[in-house]
Amino acid sequence: MSTKEYVKNLIKDRNIASITPTSKIGVREICEKMDLSKKVVIVEYGPATGVFTNYLLEHMTPDSMIIAIELNENFVDYLKENTRDPRLKIHHDSAENVHEITRQHGVEKADYVISGIPFSLMNEETRENIVKRTSHVLKPGGKFLPYQTFFQKDEHLMVYLQDYFSIAQDKFFLRNLPPMRVYEATK
Ligand SMILES: C[S@@+](CC[C@H](N)C(=O)[O-])C[C@H]1O[C@@H](n2cnc3c(N)ncnc32)[C@H](O)[C@@H]1O
């Protein structure tokens with residue numbers, strides 16, 4: 001998708017929340033937190049044009065699976081058209097419905113959940129619901145790996161990670177434009 005088309009979508013839908021997809025170096029930084037050498041189930045919230053999805057499909061094993069949940073219909077259509085791979089299951093839905101969606105694929109527990117959805121734009125109830133349901137959908141030792149733009153406050157996400165995960169860490173990644181706040185929460 002061209003930058004112009006991406007920005008057009010952003011103008012119509014504030015939930016996209018970023019003027020450009022995550023850079024290659026940002027994608028690598030986050031994906032290196034996952035062990036892709038063995039069979040894994042990964043849930044992705046907000047794949048948009050699929051910068052993470054494509055990296056994961058390239059690096060994961062043939063028997064692994066990605067369940068992608070995207071709210072914006074244009075991005076869902078784009079992803080279905082441009083990323084055809086039987087290991088990828090794409091859903092036009094909200095991350096809030098992660099349980100129902102994973103069950104449709106016979107998945108009770110996932111290894112990783114990665115997420116670019118904008119917690120700062122959600123109300124408190126939605127933030128908490130998503131973090132709580134994400135924790136429930138992960139295996140013990142599984143990881144939730146959300147990334148946000150750098151100016152996110154702790155109240156937007158960190159406080160919920162601390163409530164629902166055993167370990168919650170974060171760091172700033174300045175080599176992406178705009179810089180990111182990258183979180184790693186372990187169940
Ligand atoms: C900042 S963009 C991230 C896009 C992409 N992952 C990247 O790194 O370039 C956020 C994406 O999350 C989607 N989104 C926002 N709220 C969502 C929700 N509740 N459930 C699923 N997707 C959501 C938006 O439509 C948008 O595609």
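Visitor: Hi! Which residues come nearest to the ligand?
Guide: Of the 22 residues around the ligand, Ile16, Thr22, Gly46, Glu70 and Tyr147 come nearest; a residue counts as near if one of its heavy atoms lies within 4 Å of the molecule. This is a predicted model, where local features need pLDDT of at least 70, side-chain atom pairs count only at pLDDT 80 or more, and totals for chains, interfaces and linings use all residues. Residues are numbered from 1 along each chain as its sequence is written, and side-chain values use heavy atoms, with hydrogens and water left out.

Visitor: What does glutamate 70 do with its polar side-chain atom?
Guide: That atom lies 2.5 Å from an oxygen atom of the ligand. A polar contact here is a pair of N or O atoms within 3.5 Å.

Visitor: How much of the ligand's area does the protein bury?
Guide: The protein buries 95% of the 600 Å² that the ligand exposes when taken alone, by the Shrake-Rupley method with a 1.4 Å probe.

Visitor: Nice. What kinds of residues make up the shell around the ligand?
Guide: The shell has 13 nonpolar, seven polar and two charged residues. Ala, Val, Leu, Ile, Met, Phe, Trp, Tyr, Cys and Pro count as nonpolar, Asp, Glu, Lys and Arg as charged, and the others, Gly among them, as polar.

Visitor: Switching to pockets: how much space lies in the largest pocket?
Guide: About 750 Å³, the volume being the space filled by probe spheres set on the grid points. On a 1 Å grid over the protein atoms alone, a pocket is an open set of points with protein on both sides within 12 Å along at least five of seven lines, and lining residues have an atom within 4 Å of a point.

Visitor: Which residues are closest to its centre?
Guide: Of the 42 residues lining the largest pocket, those are Asn15, Ile16, Gly116, Ile117 and Pro118.

Visitor: Which element gives the most to that lining?
Guide: S5 does, with three residues. S5 is the strand at 138-149; strands are DSSP runs (E, at least two residues) and helices likewise (H or I, at least four), numbered from the N terminus.

Visitor: What about the second largest pocket, which element leads there?
Guide: Helix H3 (51-59) gives the most to that lining, with four residues. The space there is about 190 Å³.

Methods. Polar contact = N/O pair within 3.5 Å; in protein donor to acceptor, adjacent residues only side chain to side chain. 1 Å grid on protein atoms, 1.4 Å probe; cavity = no way out; pocket = protein on both sides within 12 Å on 5 of 7 lines; lining within 4 Å.
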